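Thanks for coming. I will take a few minutes to walk through one model, starting with a single residue and then moving out to the whole chain.

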Amino acid sequence: MLRRLIAGLCVLVVPGIVCGAADGPPDSDRPLRFNRDIRSILSDKCFACHGPDAKTVEGGLRLDLAGQATDSSVGAIVPGKPDESEVVRRIRSSDPDEVMPPPHSHKELTEKEREVITRWIAQGASYEKHWAYEPMRGVAMPGVDDAATGGSPGKVAITQVIDQTITKRLAAENIQPTDQADAVTLIRRLSLDLTGIPPTAQEVQAFLDDDSEDAYSNLVDRLLNSPRFGERMATYWLDLVRYADTVGYHGDQNVSQSPYRDYVINAFNQNMPYDQFVREQLAGDLLPEPTLDQQVASGYNRLNQTTEEGGSQAKEYLAIYFADRVRNVSQVFMGATMGCAQCHDHKYDPYTTKDFYSLGAFFADLDERGVYGARSRPPMIRVPDQDLLNQLAAMDQEIAKLKESIGPLREKLIANQDQWETSAIKDIDKRTEVEKAWVDDELVLDANKSGEWKFVEKSKAPVHSGEKSRQQQSDGLVQHFFDGAKQPFTVASDTRFYAWVHLDPKNPPRAIMLQFNDGDWPHRKIWGSDDIAYGLQEKSYAGYQRAGQLPETDRWVRLEATAKEVGLAEGAKLQGMAFTQFGGLVHWDDSGVIDSDGIPADVAAAMQVPKTDRTQPQQQSVRQYYLAQADEMNSLNQSISDKQAAREKLFESAPETVVSKSVQPRTIRVLARGNWMDDSGEIVGPAVPSFLGELDLGERRPTRLDLAEWLCREDNPLTARTMVNRLWSLLFGRGICASVDDFGGQGTYPSYPELLDALAIEFIESGWDIKKMMHTIVMSQAYQRSSTPTAELKERDPYNDLFARQGRFTVDAEVVRDGALSISGLLVENVGGPSVHPYQPPGYYAQLNFPRRTYAADSGQNQYRRGLYTHWQRTFLHPMLKAFDAPSREECTAKRARSNTPLQALVLLNDPTFVEAARVFAERIMREGGDNDDQRLDWAYRNAVSRSPDDSVRQPLLDLYHQHLTHYQANEDDAKQLIAHGGAAVAKDLDAAQLAAWTSVARVILNLHETITRY
């Protein structure tokens, strides 16, 4: 028993999707239906050669089309006459040259499948259109009456539809459902399903003590209205949309987009209508005067994996991003596997290759790059929270008040201009050039650094100025740069920029470039080849200046660029400079600006003209210069500048997130077999899959907003069905249609298609109300049933297709972590914010490159945030999440795998988070659990799994406690070492040996199957 307690993670393994007893080979006296009984067989065994992909149809026979399959001139299927049907002869043939499917396909039919096909033909071979593409149909249930409920119209009625539909089917199958689950199971089930956090012992007791008729309904409402609900739902949604904190490809660098995650949490908590949720994500930026939240929501379109690998082909990656987006949109919102149509018409569904590229054309207007650089994914925006917005508003008022002083001071100074000119004319010829270094042995400016700034000493590399130079080497495109200078440089008409470079003679670059940022980066000067793709232009112009050949190698050369030749206008605010090369080894040193000190030449010339003869521009230039250098005006401007800089710094503390920005749509072609280099394909515009209808917009080009509106039209057969099926799956462990990610030909037939339609119609008519739908489902008898199957149910319905019982399954990885933290009392529940880094050992990121990085675990409250907020490294997912089957989020995941591995038990026993949680839980056991060991164990068990331990469990745990107590009393250092884990303060007033022994017990309790399983 003890061994089972310690490592007994008997996780319910959910097998691959197969038909249960109810959907297996039908009884011989039951009429067969094509969608329910035949389509899945043909799709699995026949459609690859005789299905929707017309280009690969063998023998000219398509079995998905009734007209062709039953054509009398072909004789493949002769309705009512299996003996005359060539299909029957072929599937029963023993001749390897005739039998179908052919042996090389490895798709042999079972005898039961042959029998079903033969009986279907004998019954008339009646075809049906695929269920998911047919209009939704309501269901009339006798005895279901809103008025009779005396309560909420629709909500209780549709709950009755759930129960009557399932009860009717179970009666027809002569199956007895399980009884209602006990109250403790129900509150734990609801708490885990709706919030992802187990209930406390106090919450369980309060529910048990509530004898009112509305106790259960009130509990549901409380949980749905908890901020935890949005976090629980967001965990699932982020799997669908492949949200992560890193870019995915190559170096898998970090990218900031946590505000999108917070938008999702808030949307679920606010019960945003699902159609609005869809609309804002697909086209939030296209809505009239989009709010900040709607712009953040539009970041959905850009959650795909991206790259900044040097040498990557931008066109290739744009094609990759395009295909990824079509796959995700179709699967998330339509339950469709349109990705199969990227290279050829879908082999199992009516989606064509043209449909694939036409759907992707909706997103051809997105402002994006094939290859990004230096951890930046423009367009991005900063997203301050409400507290920060309030601080910014207060600073804006201060700045506005200072600016109001400019006018009066200006008038005061103008009155003294003549006196100033008389004095200043004496120094008119004292103008000199001044060289100001921005980078030498370090970045002098207060600015943000990006890329790898590799400073090397004189002893290891050539140096021009000071003690260090910056070494940059690559086989492809590479750069380091600074931007966001807190005190931007104001460009004058004669400003020049410089940088000293040393090109390695044995490994010179193919090109080098200086680039400047005045809010964006369109200002460049290039030496050498055209290999640097950034802003590449065929000819020079003011903004892209070709400087000719590379500088001489093996010596220090000073590069210069004037403001005029790189397109920087007088008065521009320069805030960044980039040092870029393609290939080779380059050392960069002293870099900055050449400015002038003294009266500018144009002002000096104007001052020498009599005042009465000056032109208007001459008068303005003198006055502007005079006001700009006046001490009082400088002081006021500096105060304003300081306030603005402080405001900017505060604003930049807000996280950034990727957003959608609409630009001129690029041309989209059908790519032959998905080949991004083939430009011969047909040009297509935005369109929905042709077999599902069309958008009637006249001559106007359809937009992403039009796509969102179409998805949520009442006559769209997919969107509502897909979402309610997923909500059902979250609440039962499997959907009404088991294949929650595929409503197509390779998916499964719903066990209750009429119920799925009834729920989908109710979902639409409710105003796409997610909380109402979940309330509806959890109020049903079906939801409240016990998850313990009878022997009959195990035999007749092993996969719970009929919902004669509830499901039981291991909770998601994040919930495993959240449960341990909650039980221990460590859980910190702040909604939203940047991602956090749980404990990991030194060297955890040692193998990550481009750039090299070091994992730094968070301290303080961030260490105890919910698993939802864990930093999601796509190619190197946090080991605890990985062990419990969390996906990498490289692609859409509509249903996580569930496994049962020894590694999970090892994580729960040894991961620092769980060891610390056990130790803090042990402190609670000693302080709150009672005066003796029995009381403490009972308290611990009730707080972890909501019930007292059975006698068969109690004694092994007490034995464990006493054995470990004896050991730790004799080995005090061992006890101190165990309880030292984690950042939470260790209780000094508790006996170390007892605390360590109870920590051992707590580790076992947190490891129990019952602790991490939802029943």
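Start with R704, which counts as buried because its relative accessibility is 0%. Keep in mind that this is a predicted model.

What does R704 form a salt bridge with? The partner is D285, and the closest N and O atoms of the two are 2.8 Å apart. R704 lies in helix α24, residues 704-711, while D285 sits in the loop between α14 (274-283) and α15 (292-297), so the pair ties together parts that are 419 residues apart in sequence. D285 has a relative accessibility of 16%, so D285 counts as buried too, the cut-off being under 20%.

Next, D706. D706 forms a salt bridge with R700, with 2.9 Å between the closest N and O atoms. Are these two buried or exposed? D706 has a relative accessible area of 13%, so D706 is buried. R700 is at 44%, so R700 is partly exposed.

Another pair is R377 and E308. Their salt bridge has its closest N and O atoms 3.0 Å apart. R377 is in the loop between α17 (353-360) and β1 (380-382), and E308 is in the loop between α15 and α16 (314-334); the pair links distant parts of the chain, 69 residues apart. Both R377 and E308 are buried.

There is also a network of salt bridges, which links E86, R89, R90 and E98. In total, the count comes to 64 salt bridges.

D209, D210, D211, E213 and D214 form a negative surface patch. Of these, take D210, which is placed in the loop between α10 (201-209) and α11 (215-224). D210 counts as partly exposed because its relative accessibility is 32%.

Now the whole chain. The protein chain has 1015 residues, and 55% of them count as buried. The chain contains 37 helices and 18 strands. Along the principal axes, its C-alpha atoms fill a box of roughly 110 × 85 × 65 Å.

How is the chain divided into domains? The domain assignment gives domain 1 as 7-13 + 141-225 + 717-796, domain 2 as 34-127, domain 3 as 273-382 + 662-711, domain 4 as 434-597 and domain 5 as 912-1014. Taken over C-alpha atoms, the centres of domain 4 and domain 5 are separated by 61 Å.

To go back to where we began: R704 is buried, at 0% relative accessibility, and forms a salt bridge with D285. That is the end of the walk-through.

Conventions. Residues are numbered from 1 along each chain as its sequence is written. This is a predicted model: local features need pLDDT of at least 70, side-chain atom pairs count only at pLDDT 80 or more; totals for chains, interfaces and linings use all residues. Side-chain values use heavy atoms; hydrogens and water are left out. Patches are made of residues with over 30% relative accessible area and no salt bridge: like charges are joined within 9 Å, nonpolar side chains (Val, Leu, Ile, Met, Phe, Trp, Tyr) within 5 Å. Accessible areas come from the Shrake-Rupley method with a 1.4 Å probe; for residues, only the protein chains shown count as cover. A salt bridge is a side-chain nitrogen of Lys or Arg within 4 Å of a carboxyl oxygen of Asp or Glu. Lys and Arg count as positive and Asp and Glu as negative; His and the chain ends are not counted. The place of a charge is taken as NZ of Lys, CZ of Arg, CG of Asp or CD of Glu. Helices (H or I, at least four residues) and strands (E, at least two) are DSSP runs, numbered from the N terminus. Buried means under 20% relative accessible area, exposed over 50%, partly exposed in between (1.4 Å probe, protein chains only). Domain bounds come from an automatic or database domain assignment.
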